[in-house]
Amino acid sequence: MKHSEIVERARNIAQEPLLKPNREKMALILEEYQRKTPKSAYFFRTAKGVIPHGSEHTLPPTHPYPLFIDHGRGSHIWDVDGNEFIDYILSGGAILLGHNNENLNRSITDLIQNRTNFHGYYDEMEIKAAQKIIEHFPSVEKVRFTSSGAEACLAAIRLARSYTGKKKIIKFRSDYHGWGDAFMTDMEIPGSERLIAHGIPSEVLDLTVLVSQDDLNELEEAFSTHANSGGIAAVIVEPMGGESGLVPFEESFHKKAIEIAHRYGALYIFDEVVTGLRMGLGGAQAALGVMPDVTTLGKALMNGYPSCGAVCGKADIMETLSTGLPGDRPYAYVAGTLAGNLLSVSAAYYNILELERPGVIGRLFRVAEDYVTKLNDMFQVKKRGFFAYNYGGIIRIELTAPHAVPLTSPDAIAEVLTRRGILSHYALAVHNQGVLTRMGRDMISCSHTEEDNDRAAKAYEAMVDILE
Ligand code: PMP
């Protein structure tokens, strides 16, 4: 689906009154969920005693309490009560081959049995994993592994500051780059600014300059405004837009934005933590034909094996990274006991080998498109304005369009939060049909089938039917 159509249709949804689930039907759905998941309820009560709010995760649904999982295989997972679900959340994109992939597990089990899980020294597997990333990502010449996507993004901006000698970064409104101080402004909701930036000194956030997506004039203005107050070291961006494309970019934006960034001596960083591998082996950069200076990876790189992240880029820029050795130029110190560990780099290497098998990515894209078609057909029959689209293995489903609410009135943030909050009620209706969804921010794996999609479209239909 084209950018202009996505933006217009989301705007239309945001202008319509919010559709609410029928109260009586919702009460029955809640009752059914509670009846089916007593062990999860028990574990959540116990977790609250030992873990703050009982929660360490941002991605799984939590209404009325999260599911505790027993095991997974392929596109399916089973909770501790024995309920089976088709998983369209996939840890926000980390699982790409599917849950518990046999070939990948066998490679890793062999490695552990024949060698070790971790030794903390240098290993040939680091080279092999880096070579695989370089082979596929067009802009990447060197790779440093980190322990998470958030760390990769933090490393990327330190690298940029060190390389350019400039101070500030530009972040686009609504984009997410992990929980590092510098990125905790205007996350996910365009215009929300420092809504959840607690615990971060405002001076730190003053170094992050916010720019609206698609606004090249604002971008250029930000560069010139800050040129004499530290300068801009880098623009960091989710290539498909905020929330991996729920707030999409106009198709030709990056090429023009890179040109502006380079004119002011700044680097252009693609945060491909979600898009990397999921939009194809070369990530969004190969799909869009765009050459960023620096790329961050995570999630699907290791199909769920920890600890997953990498910062990559052009050789000259990447040479600015150090692990503490003294040098003749201002190096950016980036380290980590587990970074580049044997198990992680091996998982990355063997995962990419699996994805390289003929037909694997092509099939992923076909099943993703099948899902989108089935959802859109159903939404049309039901005469709702909802719509779905995909970027490779990333599925976006627009239902309440919180991020398309114009933040022009003082009540707008409350409206945005209501539109986001209600999605957890919508989701429960889908979960009860055996399908796990993040309600708009779904993912698909290489193990999903067209039959899974039939069941998921029916589950969404059951949800649509209770709205009024
Ligand atoms: N960047 C993007 C675009 C992400 O979606 C995420 C995670 N949701 C991150 C960075 C942070 O990655 P991690 O959770 O592995 O730290």
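User: Which residues is Glu450 in contact with, leaving aside neighbours within four places in sequence?
Analyst: Val367, Asp370 and Lys374. Contact means heavy atoms within 4.5 Å.

User: What should I know about the model and the numbering?
Analyst: This is a predicted model, in which local features need pLDDT of at least 70 and side-chain atom pairs count only at pLDDT 80 or more, while totals for chains, interfaces and linings use all residues. Residues are numbered from 1 along each chain as its sequence is written, and side-chain values use heavy atoms, with hydrogens and water left out.

User: Back to Glu450: where is it found, and is it buried, partly exposed or exposed?
Analyst: Glu450 is found in helix α18, residues 450-465. Helices are DSSP runs of H or I with at least four residues, strands are E runs of at least two, and both are numbered from the N terminus. Glu450 counts as partly exposed because its relative accessibility is 39%. The classes are buried under 20% relative accessible area, exposed over 50% and partly exposed in between, with a 1.4 Å probe and protein chains only.

User: Change of topic. Which residues touch the most other members of the largest nonpolar core?
Analyst: Ile133, Phe145, Leu301, Leu399, Tyr460 and Met463, out of 79 residues in that core. Helix α15 (residues 360-381) gives the most to this core, with 10 residues. A nonpolar core here is a set of buried Ala, Val, Leu, Ile, Met, Phe, Trp, Tyr and Cys residues joined through side-chain atoms within 4.5 Å.

User: And what does Ile133 touch, not counting residues up to four places away in sequence?
Analyst: Val140, Val143, Phe145, Leu297, Leu301, Cys312 and Ile352.

User: Where are the cis peptide bonds?
Analyst: One joins His63 and Pro64, with omega about 0°. Pro64 is in the loop between α3 (38-50) and β1 (69-73). Another joins Pro306 and Ser307, with omega about -15°. Ser307 is in the loop between β10 (294-297) and β11 (310-313).

User: What about phi of Asp186 and of Glu193?
Analyst: Phi is near 55° for Asp186 and near 45° for Glu193. Asp186 lies in the loop between β5 (168-172) and α8 (202-205), and Glu193 is also found in the loop between β5 and α8. Asp186 is buried, with a relative accessible area of 0%, whereas Glu193 is partly exposed at 39%.

User: Last one: how many helices and strands does the chain have?
Analyst: 18 helices and 17 strands.
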